Amino acid sequence: MELNKAKAGLNPFPGLRPFLPEESNIFFGRSNESEEVLNRLLTNRFVTVIGASGSGKSSLVYSGVIPRLLKHPGQDKPSWKIIPFRPGKDPLENMAKAFAKAIPGSLNVEDIDPSFITGMKDDPNWIVTSLKKLAPQNNEKILLIVDQFEELFIYNQEETGISPCKTASEFVSMLENAVVHNSDDIYIIVTMRSDFVGSCATFQGFTRMINDSNFLVPRMTWENYKSVIEGPVRYAGAEIEPRLVVTVLNDLGDRTDQLPVLQHTMMRTYSHWLETAEPGRPVSIADYNAAGTISGAMSRHANEAFDELDPKGKDICKRMFKAITGKGSDNRGIRHPSAISTLKSVIRCSDKELLEVIEKFRAPSRSFITPVYPAPLNDNTVIDLTHESLIRLWGRLKEWVDDEASSVRMYMQLSEASAMYQQGKATLLKNPDLQLAVSWRENQKPTLGWAERYDPAFERAMVYLRTSEKAFLDEEQNKVIIQKRKIKGSRIIAMILGGAAVVFLGFMLVAFVQKISSDRQKNEALRQKEEAAAQAFAALQNSELMNMKLAAADSSAAAAIQNISEVRRQKEISDSWRSVAEQNAAEASRLADSARQASIVSEMNARIAEEQKALAVSRRLVAIGKSLSLKSLQMTGRKDLQSLLAYQGYMFNRDNGGLPNDADIYTGLYKVAREYGSPYYKTFTGHDSEIKSIAFLPGKREFFTAGADGKVLKWNLDGRNQSLQIVYSGTEIINVLAVSPDEGWLACGGQNAGIKMIPLKGNDAGYELKGHSESISSVIFSFDGRYLYSASSDGKVLKWDLLSRSSTDISTSMAKITGIDLSSDNRYIAGVSTEGKVVLWNPEKTSDNYSIESPGRTVRSVRFKPGKDLLAIGYDDGYLEIWDIATRKRVSEVQGHSAEVSDIRFNSKFSQIATAGNDGTLKLWDSDDLTSLPISFSDNDGLVVAIEFSPDGQAIVSGTTGGKTNLASRAAIADLLAGDVCSVVARNFTMDEWIAYVGKDIEYQRTCADKEFNIKVKEVR
């Protein structure tokens, strides 16, 4: 090697951008194709290089064909003037500018104005006549490279909705005339995506030229890809592990657009190798994993650029990528190239703010967008993705594209509804559609520049939305007024009914008194009657006396008769009053019941109002609790205040019905625990390199770990002082661990295809199981401990009888399996196949077997939920899915990480699921509701590669690719972290602090009891 370029810091991989002509020395894998294109060019003076997106068409021309053309042997070797350009939005102007740059002094770029373009249109032979004037040297030939020819259709379809426009036709005619009707001094290469070949049918002459001379770029073979990986590394003076080459090739998959993804991944892998500065060490799998692998490198790299921006820059970045991407009719991500002036209008930002974001993403080490550095930028510069694969692989951009598609759908629906309303064919919006539209407007903040790209009726749609909103608010206000009136009317009616009841009670009392009076009169009449009878009897006995007093007797008899008539009349009056009194009593009783019912309704409404008021207060306190927790994160170094904020937030959330393990509440408590100490946050030092696997003893808080240093160690979560026990130490690296249910054996799956069985108690001797031919990837004991299941990179799944120490091949014929998990009842095995899908099979019943796959995604991890027929699946794009294996239906899904989900674990005691991602985070989810915000740990030393819950569910232990702090345990629930907070503080809130952080209208309370203080102090107010 002439020069060890690795020592000079050269990165031989260009990333997403195409290779340049001066990079032909690091361009590998296309030698035969380069010769074939060159031969067709020299024979026909024209060739169209056609290929799928990401097949390397531009690189093939620039770094394969051009260097060979310049070195092509011949007796009369000509000199070549090479003029490359892209059609872009205005193909004639871009071609003229390319001529001006290639042949300085003959044409000024500033002179290219609309009148100049008009002159070009008038001359169909403009290319020939211009080049003869601009390049009169003898024996000089011109090569025009029209790169990305599909832009001719993309831009015109975007703007006019038809393809092609008149300018495009004139441009194509000039190309055709330059080849067909003129001398052999002009040669043309056109590169074009294969899905746009059909669009060329409009240009009949040009179509014949394509048919006569075209080259369809073939897919690379295994050997081609291998040279693409190995060649640049060796040219740079470095070495690469063969195992890494095989791993990368396996990870590539069969997509047609993986070449730029491969280049970017290798660029990042090589950069990591350079940063380690370890002379003599080959580029290894560790560098590849650190870069994020094929599935995660691009996403991680893009996130790094995004994280370098301030909040304003991040918002501009989000809006910019939404503007230059979209979804096609087939629901796939597509590019929407846009000029900087258009982007500024859509985003509503300054030139400086937008350029700062653009420069972050087009830096030489990134090249995510074009034009690549150092091409100058101005208002007319078109910003575009370097390649569509960024949409597929950058999780954040994928979310933005989906969000933008939803936003466009909402705007189009709103525009259509406003047009129909204007025509009298629709009414104003009502809930829930109105609420959805208002939320869209408030969250997306659409602008006129943004809306005009989809429908020009922006103002009409917004007026329609505002009118609908106003009508709704007016209607709601009227409802409130009517309700108040109803309540007022109900109160009046209740008062009237109550008064009526009192009146009728009075009538009843009067009737009762009259009845008593009537009865008295009746009794008096009867007494008088008896007296009259006695007097008559005495008159009969004493006839003499009767005769003497005849006149008096006659008078008394008449009076008696008159009294009897009066008695009868009084009785009739009494009966009439009694009837009236009874009727009045019945009416009064009825009215009293109505009054009672009205009172009950009133009391019920009052009780509901009180409950709603209490609920509103509780919700407010929960919200304040979350706010306090988030504020505590900003108080680093102020121990007392930070701890009080976090703990008071926890209490408000706990006491008012907040989520038991709310992510915001947990985060505040976790930061206090990490900064000021807690038995529920620990780091363990023993392995000096990557953690490979973690396994707990059943029912205990003791666990084993395997590391890339070749050691297996045993730990205790509860020890005050860290202590470790070396269980195994050797040259072989142990990949996976499993502990038998009776705690008697530790199974260790190694990289050398063997499974070491290490006894944990008794006097049994250890032994080794051999049956696989490649590295072990999974070992799982059956629930009764009699069997051991294993999977390997060789694609086989074996079931070991631990008594006879023999194995049975239970592999499925559906696919080769590289990793497995076992359901709790040992009925189902879930395997990750080499094709990137999940295969579920029952070795005893083949009819139960089926597979789960998602087009465009690769499965990376699977895990059964203990005791349930549920399976969690992690994908290479960061998505997490839960499947019901009995019904074979997906239960839920969520974008869990921005890179692949590398490991999954369920908490057997609480409804939790933990996921580790190649974005460097560990997340805890509510397994019953994946839509809830997860607890996210980003303070990991490297990538999280192994996770495990303790058997009691209280702790989550994680292992990473880092160095000294590569093993840590954290509390799985917030209640544990909250228990020790008051022991680290020396005071309570002051009244001023309470008012400032909690609120003036909320009654002050002591966050910590005095006896819980670490240091007792007298509070000063």
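Me: In which sense do strands β29 and β30 pair, and over how many bridges?
Reply: This is a predicted model. Strand β29 covers residues 870-875, and β30 covers residues 879-884. L870 has D884 of β30 as its bridge partner. The pairing is antiparallel, over 5 bridges.

Me: Which residue in the turn of the β29 and β30 hairpin has a positive phi?
Reply: The two strands form a hairpin with 3 residues between them. In that turn, a phi of about 90° belongs to G878.

Me: How many bridges join β30 to strand β31?
Reply: Strand β31 spans residues 889-895 and runs antiparallel to β30. E881 pairs with E893 of β31 as its bridge partner. The bridges joining β30 to β31 number 6.

Me: Which residue in the turn between β30 and β31 has a positive phi?
Reply: β30 and β31 also form a hairpin, with 4 residues between them. The turn residue with a phi of about 60° is R888.

Me: How many residues of β30 are buried?
Reply: Buried means under 20% relative accessible area. By that cut-off strand β30 is mostly covered. Of its 6 residues, the buried ones number 5.

Me: In β19, which residue is the bridge partner of G754?
Reply: Strand β18 covers residues 754-759 and runs antiparallel to β19. Their link consists of 4 bridges. The partner of G754 in β19 is K770.

Me: How far apart are the end C-alpha atoms of helix α24?
Reply: Helix α24 holds 17 residues, 639-655. The expected span is 1.5 Å times one less than the number of residues. That rule gives 24 Å for α24, and the model agrees, so the end C-alpha atoms are apart by 24 Å.

Me: Which residue with a positive phi follows α24?
Reply: α24 is mostly covered, with 14 of its 17 residues buried. After this helix comes a residue with phi near 80°. That residue is G657.

Me: Is S468 buried or exposed?
Reply: S468 sits in helix α21, residues 458-541. Leaving aside neighbours within four places in sequence, S468 is in contact with L428, L429 and L434. Its relative accessibility is 1%, so S468 counts as buried.

Me: Which backbone nitrogen does the side chain of S468 reach?
Reply: L429 is one of the contacts of S468. The side chain of S468 comes to 3.1 Å from a backbone nitrogen. That nitrogen belongs to L429.

Me: What is omega for the cis peptide bond that joins T370 and P371?
Reply: Most peptide bonds are trans. P371 is in the loop between β9 and β10. The bond from T370 to P371 is cis, with omega about 0°.

Me: What is omega for the cis peptide bond that joins N431 and P432?
Reply: P432 lies in the loop between α18 and α19. The bond between N431 and P432 is cis. Its omega is about 5°.

Me: What is phi of S367?
Reply: S367 is placed in the loop between α16 and β9. At 2% relative accessibility, S367 counts as buried. Its phi is positive, though S367 is not a glycine, and lies near 55°.

Me: Is R805 buried or partly exposed?
Reply: R805 lies in the loop between β22 and β23. Phi of R805 is positive, about 55°, although R805 is not a glycine. With a relative accessibility of 46%, R805 counts as partly exposed.

Me: Which residues touch the most other members of the largest nonpolar core?
Reply: This core has 75 residues. Its largest share, 8 residues, comes from α18. The residues touching the most other members are L262, F321 and F361.

Methods
Residues are numbered from 1 along each chain as its sequence is written. This is a predicted model: local features need pLDDT of at least 70, side-chain atom pairs count only at pLDDT 80 or more; totals for chains, interfaces and linings use all residues. Side-chain values use heavy atoms; hydrogens and water are left out. Buried means under 20% relative accessible area, exposed over 50%, partly exposed in between (1.4 Å probe, protein chains only). A polar contact is a pair of N or O atoms within 3.5 Å; within protein, one must be able to donate a hydrogen and the other to accept it, and residues adjacent in sequence count only if both atoms are side-chain atoms. Contact means heavy atoms within 4.5 Å. Two strands pair if DSSP finds at least two bridges between them. A nonpolar core is a set of buried Ala, Val, Leu, Ile, Met, Phe, Trp, Tyr and Cys residues joined through side-chain atoms within 4.5 Å.
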